[in-house]
Amino acid sequence: MRTPTLAAPAVLLRTAPGHPPNLSGDFARDRGPVTAHLESVVRIVEAMPPRTERTAAEQRDAAALHDEASSLRRRFLAAYAERIYAELTDGLTRSPRLEELTGLAAAHFPGLVPTRAQLAAESRHTQRNKEGWEIAVGIFLQAVLNAPTAGNHLLRSMLRPTARARAALLDYQLTGHADLGIATVTREDGIAQLELCNAEFLNAEDDAAVEALETGTDLVLLDPASHVGVLRGAPQSHPAYAGRRVFSAGINLTHLYHGDISLLGFLLRREAGYIAKFVRGLCLDDTAGDGWWPDADKPWVAAVDAFAIGGGMQILPTMDRVVAADDSWFSLPAMEEGLVPGVANMRLLHLTGSRLTRRLIFWGRKLRATDPEASLFVDETVPADAMDGAVRAAAGHLDHPAVGANRRMLNLVEEPLELFRRYLAQYAYEQARQLHSPGLITTLENTWINRNRGGADAGASGGEKR
């Protein structure tokens with residue numbers, strides 16, 4: 001049954017405040033008309049029937065309104081991103097993370113980005129039924145990250161330790177162990193092993209996993225007694241891999257289908273949070289500016305058991321040593337998932353070159369640990385029953401005073417902050433669009449969900465149905 005609306009779309013469209021305002025070049029003068037127009041467009045869209053109940057004409061009206069608002073957001077942000085960010089951070093004296101920054105933007109500039117309440121309401125829908133408000137978030141963060149001063153400050157803010165890690169640090173230092181629910185950290189002889197423990201979904205990642213992994217990464221980097229980090233998947237209870245360790249099944253596609261994967265809490269936090277901390281470490285002081293350097297970084301070893309799919313494979317280029325079981329395999333099914341594979345497009349180019357990167361991303365090339373091409377991102381391949389010893393030996397080798405300085409110099413050349421910032425800016429926008437694209441919905445419904453009904457290897461492609 002059709003949901004009643006406040007007014008018919010034709011009537012609602014006539015309440016819009018005419019054409020979008022032109023920008024004068026004066027921030028104070030433009031701010032009011034722009035936010036008033038954006039607020040009006042948002043109200044009209046919200047008063048329309050839900051997406052799945054709209055007529056063809058209403059779908060066209062809604063698309064036109066979204067396009068109009070996106071265009072105005074782009075123009076306003078292109079002119080004033082640095083000014084807006086300075087206001088939201090009190091002149092760069094505060095360091096909000098992505099979600100807090102977006103909430104501040106919604107409060108200071110109504111209509112520019114969705115409010116927390118709008119995002120929370122949107123999260124209750126399946127991916128097909130979402131309005132797509134996250135695209136406005138992508139436009140906002142694209143502009144902020146493209147602005148050098150604002151973008152560098154935001155990336156630095158994302159490299160700060162999380163509040164949860166700071167609260168758990170003392171206990172971890174005393175006991176050498178932290179149980180983070182979906183992840184654990186255990187320190188032994190200076191080696192800290194961070195394990196993902198999402199056994200229900202073969203160590204696929206979702207918003208909760210990203211939060212736990214970032215907290216665990218922070219604990220390793222903050223703890224003076226943890227000299228080297230090891231990233232590994234915990235043993236599984238899934239019938240196909242019972243008792244075996246699994247590195248990662250990538251993004252949890254079941255959760256994505258149900259609308260439980262967010263742009264801010266998963267796709268962007270993952271890249272600017274714990275994975276960026278693998279590369280650059282933590283920022284602990286309050287120094288602002290473009291020339292900052294991390295305050296706490298450590299070498300990392302990846303221990304790949306069984307497989308590293310999608311997001312799991314994306315992590316490997318950030319590691320200082322990759323040890324893989326000889327029966328393990330790798331794939332980057334970006335085309336099948338309908339998403340951009342994080343920063344892998346940039347990082348794999350350094351490791352594998354253009355042709356293999358395209359084969360991995362566009363054609364879903366699957367590599368086994370023993371394939372010659374796998375040696376471009378795997379350093380050592382050993383029998384599965386020899387993994388524990390090989391991982392310990394690799395971590396012990398990296399526990400050396402000269403490693404820190406050398407890895408910082410390598411990262412300076414291999415992944416300059418400027419390059420990373422510009423990549424992440426475009427990624428924020430492209431991924432937001434992909435997340436709400438018809439192609440992704442079709443992919444989820446026609447490929448992945450049907451495959452999950454098949455059983456056997458369903459979990460290895462992002463988890464079982466819930």
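The lining of the second largest pocket has 11 nonpolar, 5 polar and 6 charged residues. Here Ala, Val, Leu, Ile, Met, Phe, Trp, Tyr, Cys and Pro count as nonpolar, Asp, Glu, Lys and Arg as charged, and the others, Gly among them, as polar. The model is predicted: local features need pLDDT of at least 70, side-chain atom pairs count only at pLDDT 80 or more, and totals for chains, interfaces and linings use all residues. Residues are numbered from 1 along each chain as its sequence is written, and side-chain values use heavy atoms, with hydrogens and water left out.

Stay with the second largest pocket. It holds about 460 Å³ of space. A pocket is an open set of points on a 1 Å grid over the protein atoms alone, where a 1.4 Å probe fits, with protein on both sides within 12 Å along at least five of seven lines; lining residues have an atom within 4 Å of a point. Points are joined across faces, edges and corners, and the volume is the space filled by probe spheres set on them. The lining counts 22 residues, and Pro-317, Met-319, Asp-320, Asn-411 and Glu-414 lie nearest the centre. Helices α15 (344-362) and α17 (403-414) each supply at least two lining residues. The largest share, 6 residues, is from α17. Helices (H or I, at least four residues) and strands (E, at least two) are DSSP runs, numbered from the N terminus.

Now the largest pocket. Its space is about 560 Å³. Of its 28 lining residues, His-66, Asp-67, Glu-131, Ile-135 and His-436 are the closest to the centre. Two or more residues each come from α2 (27-47), α3 (56-88), α6 (134-146) and α18 (417-435). α3 gives the largest share, 11 residues. By class, the lining splits into 13 nonpolar, 8 polar and 7 charged.

Last, a sheet. Three strands form it, open and mixed in pairing, in the order β6-β8-β9. β6 (307-309) and β9 (367-368) each have a single partner strand, so one side of each lacks a neighbour in the sheet. Strands pair if DSSP finds at least two bridges between them. β6 and β8 (residues 329-331) run parallel, joined by 3 bridges. Phe-307 has Trp-329 in β8 as its bridge partner.
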